[in-house]
Amino acid sequence: MELITSEQREQLLANGAKRGADHTPVVKLFNPSGAGTWLVTELDPEDASIAFGLADLGFGTPEIGSFSLQELQAFRGPFGLGIERDLYFEGKFGLSAYAEAARAAGRVVEYGPELDAAGRRSITACG
């Protein structure tokens, strides 16, 4: 499976050109055979193999930072399964809300009280 579609790549590169903004995650990647979730908000315009977003490797300490799409594409877990793209993911808030909720929950969350509270705070801060 292609980790990022051409349309998503365009949006991620556009986001990467506007560094410092609280972009909404465009893509969710995950390890179907174990721990690992990545919410991708940007691609580096100078090196589109470098992504930026929220990474959760399953140790209870999700972090915002950069990571290599090439490494994720090359990964093979049990039964040869690779990293996959969540076809149904739709970001609702800026990355800061997801990061705040992930720190509270100890993992990336897409719904629930941690994200609801963080989302309300981010909307209040912006509005």
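Which side chain does Asp44 meet in a salt bridge? The partner is Arg19, and the gap is 3.5 Å, N to O. A salt bridge here is a side-chain nitrogen of Lys or Arg within 4 Å of a carboxyl oxygen of Asp or Glu. This is a predicted model, so local features need pLDDT of at least 70, side-chain atom pairs count only at pLDDT 80 or more, and totals for chains, interfaces and linings use all residues. Residues are numbered from 1 along each chain as its sequence is written, and side-chain values use heavy atoms, with hydrogens and water left out.

**Helix α1**

- Helix α1 spans residues 6-16, and its buried residues are Gln8, Leu12, Asn15 and Gly16.
- They sit on the same side of α1, because they cover an arc of only 100 degrees around the axis (the arc is that of the directions from the helix axis to the C-beta atoms).
- Turn to the other side of α1 and you find Glu7 and Glu10, which are exposed.
- Buried means under 20% relative accessible area, exposed over 50%, and partly exposed in between, using a 1.4 Å probe and protein chains only.
- Helices (H or I, at least four residues) and strands (E, at least two) are DSSP runs, numbered from the N terminus.
- What do the buried residues of α1 pack against? They pack against β1 (27-30), β2 (37-44) and β5 (84-85), where contact means heavy atoms within 4.5 Å.

**The Asp44 and Arg19 pair**

- Side chains of opposite charge can pair when their charged atoms come close.
- The structure holds three salt bridges, and Asp44 with Arg19 is one of them.
- This pair links distant parts of the chain: Asp44 is in strand β2, while Arg19 is in the loop between α1 and β1, 25 residues apart.
- Arg19 counts as exposed, at 54% relative accessibility.

- Is Lys28 buried or exposed? Lys28 is buried, with a relative accessible area of 12%, and Asp86 counts as buried too, at 19%.
- Glu110 pairs with Lys28 in a salt bridge, the closest N and O atoms being 2.4 Å apart.
- Glu110 lies in the loop between α3 and α4 (113-126) and Lys28 in strand β1, so this pair ties together parts 82 residues apart in sequence.
- Glu110 is partly exposed, with a relative accessible area of 25%.
- Salt bridges that share partners join Lys28, Asp86 and Glu110 into one network.
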